[in-house]
Amino acid sequence: MTIELHDAGLRHGKVRALEAVSLHIAKGERVAIIGPSGAGKSSLLHLMATAIQPSAGRLELFGEQPWALSARARQRLRSRIGLVHQAPPLPPRQRVVTAVLAGRLGQWGTLQGLLNLVYPTDIPGARDVLAELGLAEKLFVQCGQLSGGQLQRVGIARVLYQRPDVLLTDEPVSAMDPVLADHSLALLNRHAQANGVTLVASLHAVDLALAHFPRVIGIREGEVVFDSPAEQVTEQMLDALYANEQLASRPEQGPTLAVQIPRC
Amino acid sequence: MARARDPAALPRLLLTLLAVALLWPGLQLSELNPGVLLQAENRKQIATFASAFWPPAHDAEFIKLLYEATLQTLAVATAGMAFALVLAIPTSLLASRALSLRAASRGGRAGVWSRLLRMPVRGLLIFLRSVPEIVWALLFVRAVGLGPTAGVLAIAITYSGMLGKVYAEIFESVDQRPAHALLQAGSGRLTAFFYGILPSAVAEVVSYTVYRWECAIRASVVMGFVGAGGLGQQIDLSMRMFAGAEVASILLAFFGLVLLADLLSRFLRGRLA
């Protein structure tokens, strides 16, 4: 098993983000996570990426428990995991080429990392991954000059350049037009299939999730609602997943007391 | 339940009142009274001294003297800053929470141990800047004798404390997410700093450094009064001789230096912003 979660829970202060999530994802699997806003999709991905520590339960990656390892060993483990953020955190003044090459900082030594700032060490490598996403001409542009969708593609390019064993993507195409979103997801899936990479993506668009991913996990209010092959996901399952009491027009009942879980 | 009023309004109001309540007695205690400037006797004194300012001294011999003193002041400030940077850069990296591995996976909060380990570094920085440079200069004039060396050492010590503290805070104040994302992808801390923090912090760091260099020029002037050479020593001599014209020339030289620093800062910020 590449990713295992055993009763993993996560709390931000008093707010419950995830509750007793148990998941097994095998090497090379391609999984989409869907669910309403604030359901805990991002939290789940950040948990798998070792970006946050579970407040309950256990996480195993490649058969190791990252939070039981030493800091150095955990950094080595982390270099095998790539996380694409919904809004890629890139300094506006950084050039695209540097942002992409930074994907391999976990594999490079400190010296090579610093030399790469003086002169980019692998311009062809960065150009290749950007070309696949249609951004080759932006190689030497500053990140601050790109649109949200272009930034998302730079974030994807960085992870493709990193060549991780586990590729986690948090709403990777939310700022792209439908054609580009479809192309980018197909590219991620092709890359995962060709290299035996485990791919997990959270998505807002249910149709994209069903079209591109063999396995779909639905989560709601921090709990797994269903976990099934894409072809077995029915209309009723989706209706139950996205049912929204707060938007339903029943004003005579007064204010609802549902807990608001902020997006994280 | 959503509250109708801004929850931050009351604390803000109280803080403003507290600041006023603290500042008002300070004004009383410092016995600030601008009226003394307008008393007839003092007005006459100022007028006689100031009337000697025009025209500023410009004979060849004095200009040469002024040129050498200006160069010495610049050299003292620049050398002092260079030494200060040697100490300030590593200590700011050690003191800053921005490079904490634990903070990267805990939403920016560092662990207890990392906070404890940063305390001695912060303590060192506080010690370095707690003694004013003029006091260090007096000590070093005793130790290494009259001359610019005392000024260089005094600036190096005090300014390393100031630069280290402010650099550490600049590193913490910029967007931490790029560095955290890199740390979460297995990068080392130094490379995470150079790829994630520095690009956002560099303009602020450069502008503050140039401003401090400007301050170092002024400080080296002040230290000249206690025998550390440069323009300060020159202005001290001229004032004692009531040579208003010379004082005016030296003040013009100050103005030129600060203008230069300002232009440099503006140029560098323009390039980096």
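**Figure 1. The three-stranded sheet of chain A.** In this predicted model, 3 strands of chain A form an open sheet in the order β2-β1-β4. The pairing is antiparallel. The edge positions belong to β2 (15-25) and β4 (56-61) of chain A. Each has a single partner strand, so one side of each is left without a neighbour in the sheet. From one strand to the next, the twist averages 25°.

Figure 2. Strand β1 of chain A covers residues 3-12. β1(A) and β4(A) pair in the antiparallel sense over 5 bridges.

**Figure 3. The six-stranded sheet of chain A.** Here 6 strands of chain A form an open sheet. Read across, the order is β5-β6-β7-β3-β8-β9. The pairing is mixed. β5 (81-84) and β9 (223-229) of chain A stand at the edges. Each pairs with a single strand, so one side of each has no neighbour in the sheet. Neighbouring strands are turned by 15° against each other on average, direction ignored.

Figure 4. β6 of chain A spans residues 166-170. β5(A) and β6(A) pair in the parallel sense. The pairing runs over 4 bridges. G82(A) has L167(A) in β6(A) as its bridge partner.

**Figure 5. Chain B as a whole.** Chain B has 11 helices and 0 strands. From the N terminus on, its elements run α-α-α-α-α-α-α-α-α-α-α. Along the principal axes, the C-alpha atoms of chain B fill a box of roughly 70 × 45 × 40 Å.

**Figure 6. Helix α6 crossing helix α9, chain B.** Two packed helices are described by the angle between their axes and the distance between the axes. Helix α6 of chain B takes in residues 133-144. The axes of α6(B) and α9(B) come within 10 Å. They cross at roughly 45°. α6(B) and α9(B) are therefore oblique to each other. The crossing of α6(B) past α9(B) is right-handed. On the α6(B) side, the contact has E133(B), I134(B) and A137(B). These meet A219(B), V222(B) and M223(B) in α9(B). By class, the contact residues divide into 5 nonpolar, no polar and 1 charged.

**Figure 7. The side of chain B that touches chain A.** The contact takes 26 residues from chain A and 18 residues from chain B. Which helices of chain B each supply at least two residues of the side that touches chain A? They are α8 (177-184) and α9 (189-224) of chain B. The largest share, 7 residues, comes from α9(B). On this side of chain B, the residues divide into 9 nonpolar, 8 polar and 1 charged.

Terms used:
Residues numbered from 1 in each chain as written. Chains lettered and ligands numbered in written order. Predicted model: local features only at pLDDT ≥ 70, side-chain atom pairs only at ≥ 80, totals over all residues. Contact = placed C-beta atoms within 7 Å. Nonpolar A, V, L, I, M, F, W, Y, C, P; charged D, E, K, R; others polar. Pairing = 2+ DSSP bridges. Axes fitted to C-alpha atoms, helices over the stretch in contact; angles between N-to-C directions. Parallel < 35°, antiparallel > 145°, perpendicular 65-115°, else oblique. Left-handed = near helix turned anticlockwise from the far one by under 90°.
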